[in-house]
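Biologist: I've got a two-chain model open and would like to learn how to read it. Could you walk me through it?

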Amino acid sequence: MSYFLQQLINGLSLGSVYALMSVGYSLVYSIMNFSNFAHGGVIMIGAYIGYFCLTLLGVPFFTAFILSGIGSGILAVSMERIVYRPLRKRNAPFLYFIISAMGASIFLENIVIASPIGPTFRSYPAVFSTSPIMIGGIALGRIDLLMFIISTLSLIGLMYIIEKTKIGLSIRATSYSIKASTLMGVNVDKVIFIIFLLGGLLAGLAGMLFGMKYIVYPQIGNITTKSFIAAVFGGLGSLPGAIIGSILLGLIETMTSGYLSSEYRDLIAFVLLIGVLIFKPTGLMGKTTEDKA
Amino acid sequence: MSKRFLTLISVVLIFTMIVTACSNGTGAPEEETIKIGWIGSLTGDQAVWGTCESNTVKMLIEEVNASGGILGKKVEGIYYDTKGDAAEAVNATKRLASQDKVVAIIGPNASGQAIAISSVLEEYKVPDISTVGTNPKVTVNDDGSVKEFNFRVCFIDPYQGAVAAGYAYDRLGLRNAAVLYDVASDYSQGFTEFFEKTFIEKGGKIVAKEGFKEGDVEFKPQLSKIKDANPDMILMPYYYKEVALSANQARELGIDAVLIGGDGWPSEQLMTMAADAIEGSYIVNHLDFNDPEVKPLQDKYNAKYNLPMELNGYMAHDAFLLLKAAIEDAGVADPVKIAESLTKVTVQGVTGTIKLSPEDHNPIGKEAAIVRVESADYIFQEKYGLQ
């Protein structure tokens with residue numbers, strides 16, 4: 001039993017990492033209908049901002065956290081301005097967006113490698129003790145706990161903004177139809193600005209948490225492939241879907257390696273995911289409305 | 001639209017033709033220099049090592065040129081990044097062999113890439129000396145025949161795995177081993193296979209064997225399973241990034257087994273990332289970092305690049321020495337003749353005396369250095385070999 005609980009905690013902790021990252025994908029997808037693969041790059045930059053705030057500036061931990069969120073938010077917004085807005089103004093096909101996103105992601109990775117930061121791995125200074133909290137033979141990592149709490153709080157905050165505020169209303173309206181909401185007087189540019197800002201903020205938090213839990217290196221972005229898959233699994237464009245999909249993916253991966261085989265973890269986990277998508281192609285909580293071409 | 005696209009394509013094609021034609025033209029006045037290629041990771045997970053290798057080779061080439069070159073000719077180094085990717089390694093090798101016309105290649109450090117480039121080497125008949133490609137198949141085919149143009153200066157995984165098993169069982173008295181290994185890596189698999197074989201032959205037990213894939217950052221599911229099996233030791237035959245992460249996570253789960261690793265561990269960065277977690281671990285390595293014999297090279301490298309010397313630098317150094325001796329022995333900068341000479345010469349490198357066996361192109365009788373991690377430092381224990 002304690003073994004199962006340990007694996008459950010492992011799964012939830014992994015799932016909460018995926019969740020923080022996957023909402024960024026879902027946010028952008030819900031409005032713009034394309035997968036913003038540059039999100040991984042923003043997460044990576046967020047991790048570096050947090051790292052340098054702690055090591056070079058020596059600011060307190062929570063200040064570094066906020067700075068990292070703000071920095072990534074600014075980066076995400078400026079990327080939207082520079083990369084996506086020109087495409088949007090020309091009504092470019094969505095394929096162009098995806099390709100630009102990939103380009104932006106490669107650009108971010110390589111600019112870090114080429115800069116004095118370089119390709120080396122860096123580890124965060126120990127903010128928390130690495131010795132776990134032991135509860136009856138089950139080890140609960142302090143960083144895992146912090147990560148779970150921060151993920152939950154920021155996701156609740158995000159849901160509040162989307163569901164309860166006026167700007168949230170216009171985001172939801174825009175996600176149904178850009179044209180109709182423009183006609184209703186919604187400022188789509190502003191909505192898009194806000195979703196990139198929110199996505200960037202979360203990316204910064206995710207990056208810093210990731211860096212604290214693991215390490216920082218220019219290829220962190222690659223881990224977001226899995227959170228993207230989690231977002232698809234949960235239903236791209238749906239925030240609760242992204243969160244549930246991420247938690248499930250974390251649990252499936254952990255339980256597969258805990259009870260079946262760690263060698264075939266990805267194989268088994270992703271066959272399961274594909275199985276779900278066969279029966280529910282839009283993901284667990286995806287919108288079923290079709291594009292009216 | 002499509003017309004414009006076609007025009008664009010043709011312009012690009014014409015441009016390419018002009019560029020290639022030019023480069024062929026200027027490359028023609030030949031054999032002024034001896035060209036040596038280097039391939040390895042300058043970006044990606046293993047960039048630290050690749051950078052150190054290429055820096056070392058650059059430094060050595062400068063020295064050789066300052067003292068008159070090889071066979072009276074200046075040596076020119078050409079360096080390509082493989083990004084840690086086997087397909088990139090194949091491309092880089094092709095380019096070195098067909099366009100740059102190098103006489104020999106040093107690198108890559110990883111077995112997977114070194115195995116991938118074999119067919120290219122054979123096609124263009126250019127020898128390659130791998131630095132730390134320890135998988136047996138780097139120099140021999142599946143049927144056991146030797147690959148004519150693949151060489152190496154390091155010992156091989158079976159040996160490394162067997163040494164780790166022998167040392168753990170005989171010297172440390174460990175009986176129950178768990179293995180965590182990278183299922184996607186030839187290096188890790190080879191190491192594991194021969195560790196298990198020797199450890200079981202000696203009478204030990206493998207109580208758990210778990211896998212992960214390169215790029216993974218979360219090891220707790222596997223480690224929880226290993227913890228459940230209650231081993232005395234965990235074999236971690238993979239590279240330092242994953243070592244740092246998995247060692248930290250093992251300690252976070254409250255596992256206190258001895259960790260044992262191979263030549264993928266030693267790195268200055270491992271210490272900054274996981275010094276506490278790997279305290280008291282044992283490493284099977286190619287050489288000892290505190291050996292007085294390696295100090296001069298270390299100091300020279302530190303002074304020039306202001307970077308710590310990694311294991312790969314020493315191996316690249318020995319590969320270069322061997323190559324230089326082979327070129328001098330061949331008496332002519334011809335790739336095929338150099339390949340023949342590589343098994344004839346004996347050089348005194350910093351990692352030991354190196355003489356390659358003609359049967360399998362591996363160095364003969366190299367002992368491993370057993371190193372223990374103590375207070376964030378690598379403390380040499382003993383030279384340990386298995387017959």
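Modeller: We'll go from the chains, to the domains, to the helix packing. This is a predicted model, where local features need pLDDT of at least 70, side-chain atom pairs count only at pLDDT 80 or more, and totals for chains, interfaces and linings use all residues. Residues are numbered from 1 along each chain as its sequence is written, while chains are lettered from A and ligands numbered from 1 in the order in which they are written.

Biologist: What helices and strands does chain A have?

Modeller: Helices (H or I, at least four residues) and strands (E, at least two) are DSSP runs, numbered from the N terminus. Chain A has 11 helices and two strands, in the order α-α-α-α-β-β-α-α-α-α-α-α-α from the N terminus on. Chain B comes to 13 helices and 14 strands.

Biologist: How does the radius of gyration of chain A fit a compact globule?

Modeller: For the 293 residues of chain A, a compact globule would be near 19 Å, and chain A has 19 Å, so the two agree. Its C-alpha trace spans about 60 × 50 × 35 Å along the principal axes. Chain B has 22 Å, close to the 21 Å that the rule gives for 387 residues, so chain B is as compact as a globular protein of that length. The box for the C-alpha atoms of chain B, along the principal axes, is roughly 65 × 60 × 45 Å.

Biologist: Which domains does the assignment give chain B?

Modeller: Domain bounds come from an automatic or database domain assignment. For chain B that gives domain 1 (32-155 + 293-355) and domain 2 (157-285 + 368-384). Their centres, taken over C-alpha atoms, are 28 Å apart. Between them, 15 residues of domain 1 are in contact (C-beta atoms, placed from the backbone, within 7 Å) with 17 residues of domain 2. On the domain 1 side, helix α4 (residues 111-116) of chain B gives the most, with three residues.

Biologist: How many residues does each chain bring to the contact between A and B?

Modeller: Chain A brings 26 residues and chain B brings 29. On the chain A side, α1(A) gives the most, with five residues. By class, that side has 11 nonpolar, 13 polar and two charged residues. Here Ala, Val, Leu, Ile, Met, Phe, Trp, Tyr, Cys and Pro count as nonpolar, Asp, Glu, Lys and Arg as charged, and the others, Gly among them, as polar.

Biologist: At what angle do α1(A) and α8(B) pack?

Modeller: Axes are lines fitted to C-alpha atoms, for helices over the stretch in contact, and angles run from 0 to 180 degrees between N-to-C directions. Helix α8 (residues 220-229) of chain B packs against α1(A) at about 165°, with the axes 9 Å apart. That makes the pair roughly antiparallel (over 145 degrees; under 35 is roughly parallel, 65 to 115 roughly perpendicular and the rest oblique). In this contact, Tyr3(A), Gln6(A), Gln7(A) and Asn10(A) meet Lys220(B), Pro221(B), Ser224(B) and Asp228(B).

Key:
Two residues are in contact if their C-beta atoms, placed from the backbone, lie within 7 Å. The radius of gyration is taken over C-alpha atoms; the globule rule is 2.2 Å times the number of residues to the power 0.38.
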